[in-house]
Amino acid sequence: MTGIRLSGITKSFGDTSVLRGINLDIAPGEFLTLVGPSGCGKSTLLRIIAGLEEQTGGDVEIGGVRVNNLRASRRDLAMVFQSYALYPHLTIAENMQTPLKLRDLTFWERFPLIGRLWPNYAAKMAALNATVRETADTLEIGHLLGRKPGQLSGGQRQRAALGRAMVRKPVAFLMDEPLSNLDAALRVHMRSELADLHRSLQTTFIYVTHDQAEALTMSDRMAVMVEGNVLQLGTPEEIYRTPVDRCVAEFVGSPKINIIPGAADGNGRVSAYGTPLQQRIAGKARRIQVGIRPEHLMLAPEGSHNEGWPFRVTHKENLGSDFFLHGHLNGSNHRIIARLTPDEVAMVTIGSEITLCPAPGTPIAFDEGGRRIGFVKDRQ
Amino acid sequence: MTGGRSSPFAEPIKHAILILGALVVILPFYVMVSYSFKSPREIETNTGGFFGAQQEMVNEYCVKLGNPREACLETPVAFNYSEAFKKAPLLRYLLNGVVVTASIFLIQVIIALPCAYALSKLRFWGRDFVFALVLFCLLIPVHAIALPIYIMLAKVGLTNSYAALVIPWTISVFGIFLMRQFFMTVPDDLIDAARMDGMTEFSIIWKVMLPTAIPALLAFAIFSVVAHWNDYFWPRIAITGNRDLYTPPLGLREFKGGADGSIWGPMMATATIIVTPLIVAFLLAQTRFIEGITLTGMK
Amino acid sequence: MTARAPTHRTHRAGYWFVAPAIVLMVVILIVPILIAALLSFTDYSLGNPEISWVGFENYDRMVNRSTYTRMITATATYVLVVVPASILLGLGAALLINSVKRFNDLYKTIYFLPVMAALLAMAIVWEFSLHPSLGIVNKTLASGCGTAAESVLSFGWLPWVDAQASWYARGCERGFPLCFGNKDYAIWTICFIGIWQAFGFNMVLYLAGLTSVSRELYHAAEIDGATSAWDRFRLVTWPMLGPTTVFVVTITTIRSFQVFDTVEAITLGGPSKSTFVMMYAIYEKAIQQNLIGMGSAITVVFLTFVLLLTLGQRYLVERRVHYS
C-alpha cells in the first residue's frame, strides 16, 4: 500500500491557470475522490499524477519518492479512462495481456510472429494468461475474453477496462469519470461494485467525477475542487455537515442547499429570516447567511408558528418516495425547496401556505463572504 | 504527444530527413523552372545559377531566316518562352485544355446532380436498382474502356474532335456517388418547403440543392479539373492527327518529338506553362485541393 | 431526419433525372466492356469489313510470346515496386510530419506538389534531369568525382566496401549509367518517377488517418507501459490506420496498373520491352498497330486484375471493421 503526496502542484496553459497550487496527502489504500464542476481541473490533476501531463510547478511523490521526471509507464499506476480506451482491434484477453506483455516480455519476444520462437516465450505467456484469467474471473468477464470491445455492452467494457488496469497490480488506480458513459441504473450498480473492489484490493483509488452523489457514496475522503483550487478535503460526512464555505455547501447535496438571509444579534444568537434558531455564534452582531438543506426542512408541528417560516407552495414534484415542494418564503423572492414525506404533504396543494421549520442542529451559518461560521456551545 | 521526454536530437534529425526528401521532391520543379530561363550553352554546361545569367544570345532560327546577327539578339528567357509559343501553337493548346476541362466538368455536373438528387430524395420504382448500377460502375477503371470507346468513336467518325475528348468523361459515377452522399444530409423539410412554395423538382435541384452543396461541388470540381487538365492517355488515343485539338500535355509531347540541344530551353518553358496554373491554384487554396484530391478516399 | 409515415406518391420526375445518367452509364461504361470482351476473341482491325473469331489465341499469345510475357513482367515489376515503396514513404512522411512541431504545413505542401503537376510534363523533366550528359543529377555526381563527396557516397567508409570498385568510382571513370537507355535500369527509373509522383497522395491520406486516432488510446498505451515509439506504433497507430491502409493499397495499385505517361514519353516501352507496361502495350498494339483483338485481350486482363483488387478491398474492409 502506497501513499501519494502532491505538493504545490500548479499547471498553466499559456496564460490560463488551470491548477493553482494543489496540496494533497493521499493515504495508502484510501479511496479519494476529486470532485467538482466541469473545468475545475480535476482531470488535469489526475493526468499529472499519472504522468501523462507535466505540471508547471510542484512535486508528485509516490511512496515517498519524487516522480516528477518519471514517465507514466514507469510510475506503476493504472488508469481507467472515461471512454475506456480499450484497443478496438484486440480481444479482451489481448487487451488485458498488453500491460503484462509490455512489462514482462523483451522487445524481441514481443515482436510479431517471430517472438514465439524465443525460448522463454511459452512459459511467460502461460503465466501471463493465468493472471489474465484470474482477473477476468474476479470481474466476472471470463466468458468475454475472446470477444472484441465492439461486441461488448457499456458495462462489460467498463469491467474490461478495469481488468486491464488490475492485471498489473499497480500501487494505485486512477479513474477518470469511469461511470459517466453508463445509464443511471447501471451507474448505481457499478458504484457499489467499485466500492467492493476497493475493499477487496486494498489499493489506493483516486477517482475523478463531477457527480457529487458518486463522491459521497464511494469515497473515504473527497476533495472538492473549483477553478483549480481544492476548496475542502474531508470525509463525505464532514463535507456534507460542515462545508468550509457556501460554494462547497452548494455543490454537495441534491437538490442544492437553500440559502436564506439571517442575522446574529449582539449575543450571538442566530436568526434566519426573522425566526430565531437554536444555535449561537461568536462575534458581534451582523448579517449572515443561513444554509438549510431541503431534506432538513420539516412541516412545523401544530401550534409552533413562531419557530418556523411561512412558505407558499408554487410547485410540487412527486418522486414516489418523497415530495419536493418548491416555493417562496412569504414576502420574499427567495426560492426554497423542501423535501417532505408523502404523509406530510398529503393536504398540501399549490398555492397553500404552510410553515416549515428546520430539523434541530441542521442549519449552517455563513458570513457575508460565504465562509462558514462555526457554532459555539451555549454557555447558559 | 504523451509526456514523452525524447532526446533533443530527435527533432533536428526528423527535420533533416524531411528536408532531404523535400529536396528530391522539388528537384524536377527546380530544374524545369530554372532551365526555362537559360540559354542553350548554359544548359549544356549547367551554369548560371537559378535564373541564368541573362546574357543576350543569338537566336539561330532568326539568323537562318536571313536576318542580320545583330537583330537577332535576345535574352534566353525571352527566347525560351517565345519559342514555346511559336514552335507550336501553345496558346491554342492551352485554350483547348481550358475548353475541354470546363466542358467536361459542366456536363458532369448537369448529368450527375439530377441523378444524385433523384437517388437521394425521390421515391420511384427501380431506384435501388439504379443505385446498384452506380455502385457497379464505380468498380470500372476508366482506362479499361479507353480502347472500346475509341473503336466506337472511330466507327461514327468522331475521333479527332472535341466530342471525342469530352464524351467519355461526361458520366462521372464518382460524382454521382459523392453528391448523393452529400444530398442525403440535406433535411427533407427544406425540400418539402420548396415544394409547398410551388417549385418544380427540376428547379429544386438548381435552386435548393446546388447552393447547399457548394463545398462538395468545389471538391469535386478540383478533383475533375486536375484529373482532366493533366490527362495524357485519353487525348493521346482520341486525337489521331489534328494538331489543332491537342491538349497541353499533347502539345508538350509533340515538342519533345525531335529533341536537339537548343530545344531543351523552350521545352522546359512549355512544361512550366502547363504545370503552373494548377500549382498556383493549389498554393492558394491548399486545404480545398487536398480535400478534393483525397475525396476518393472517404468513400 | 424527421420520421414520417411512408408516402406512396411516386416522384415521376425521378425517372427523367436518372435517365441521362443511365444511358451514359450503359453506353460509355458497360457496353464498352462487353465489346472489349467480345473483341478479345477476334483478330479484328479497324477497317476490316468483318470480324473473324480466333478463340483464345490472343490470350495464348499473352502467356507465350516474349513480347507479352515481358509486358506482364514489366507491369508486375512496376506495381510490386511502386505500391509498397510509395505506401511506406507516404506513411513515413505522414508520421514524421505529424510529429515535428514546426513547418508541418510547408512539408505537406511540398510533398503534395508532384500529385498536382501533369505527370507527362514532370516525366519529361525527370528524363532531362537524368540525362547522361546534360542532366543535373549526373552532372552533380560527376562533379563530385575526386572530392569528399565521392568518398562518402561510394560507401568506402564501410570496412567491407572497396571504394575503388564502387559504383561511384566506376561512374566517374566510364560515365554515369544511362538511366533510361540501359535495359537493366530503365524500369527502375520509371518506378522511381512513379513513386515520386504517388507518395504525396498516400501521405495526405495517412495524415488524415492519423489525426482521427483517439488520443486516449495513446494515453492508455503509455500507462500500459508502451514507452518507445515502436511500441506505440505497433499497438495503436498501425492498427488504427488499418482501414486507411487497405484503401491506400487499393488505390495505389489500381493507379499503378494504369501507368502510361512516363513510358510513352521516355522509353516507349523499351529498351527491349523492359518497360512495356500494360497501358502502353494497349496503345502500341491496338492504336498504333491496329491489332484491336490483342488490345482487347490485354484490356480484359487489366480489368480482371482491377476488379479482383477492388472486390478484395471491399471484402477486407467489411471483415476488419473494428466496432469501436
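Strands here are DSSP runs (E, at least two residues), helices are H or I runs of at least four, both numbered from the N terminus, and two strands pair if DSSP finds at least two bridges between them. This is a predicted model, where local features need pLDDT of at least 70, side-chain atom pairs count only at pLDDT 80 or more, and totals for chains, interfaces and linings use all residues. Residues are numbered from 1 along each chain as its sequence is written, while chains are lettered from A and ligands numbered from 1 in the order in which they are written.

**View 1. A hairpin in chain A and the strand beside it.** With two residues between them, β12(A) and β13(A) make a hairpin. Look in the turn for Y273(A), whose phi is positive, about 50°. The two strands, β12 (residues 269-272) and β13 (residues 275-281) of chain A, run antiparallel and are joined by three bridges. Across from S271(A) you'll find P276(A) in β13(A). β13(A) also runs antiparallel to strand β22 (residues 375-376) of chain A, with two bridges between them. There, R280(A) has V376(A) as its bridge partner.

**View 2. A263(A) and its contacts.** A263(A) sits in strand β11 (residues 258-264) of chain A. Leaving out residues up to four places away in sequence, A263(A) touches S271(A), R287(A) and I288(A); contact means that the C-beta atoms, placed from the backbone, lie within 7 Å. H296(A) is 33 residues from A263(A) along the chain, and their C-alpha atoms are separated by 20 Å.

**View 3. The two domains of chain A.** Domain 1 covers 4-247 and domain 2 covers 255-376, with bounds from an automatic or database domain assignment. Their C-alpha centres lie 41 Å apart. Where they meet, six residues of domain 1 of chain A contact eight of domain 2 of chain A. The domain 1 side has three nonpolar, one polar and two charged residues (Ala, Val, Leu, Ile, Met, Phe, Trp, Tyr, Cys and Pro count as nonpolar, Asp, Glu, Lys and Arg as charged, and the others, Gly among them, as polar).

**View 4. Helix α4 of chain B and its packing.** Helix α4 (residues 76-87) of chain B has 12 residues and should span 16 Å at 1.5 Å a residue (that is, 1.5 Å times one less than the number of residues). Its end C-alpha atoms are 15 Å apart, which agrees. Buried residues in α4(B) include F79(B), Y81(B) and A84(B). The buried residues of α4(B) pack against β1 (57-58), β2 (73-74), α5 (90-121) and α15 of chain B.

**View 5. P277(B) in helix α15.** Helix α15 (residues 264-284) of chain B holds P277(B). This proline is partly exposed because it has 15 C-beta neighbours inside 10 Å. From P277(B) to F124(B) is 153 residues in sequence and 44 Å in space, C-alpha to C-alpha.

**View 6. Where chain B meets chain C.** Chain B puts 77 residues into the contact and chain C puts in 80. On the chain B side, helix α1 (residues 10-35) gives the most, with 14 residues. That side of chain B divides into 55 nonpolar, 11 polar and 11 charged residues.

Technical notes: Two residues are in contact if their C-beta atoms, placed from the backbone, lie within 7 Å. A residue is buried if 20 or more other C-beta atoms lie within 10 Å of its own, exposed if 12 or fewer, and partly exposed in between; C-beta atoms are placed from the backbone.
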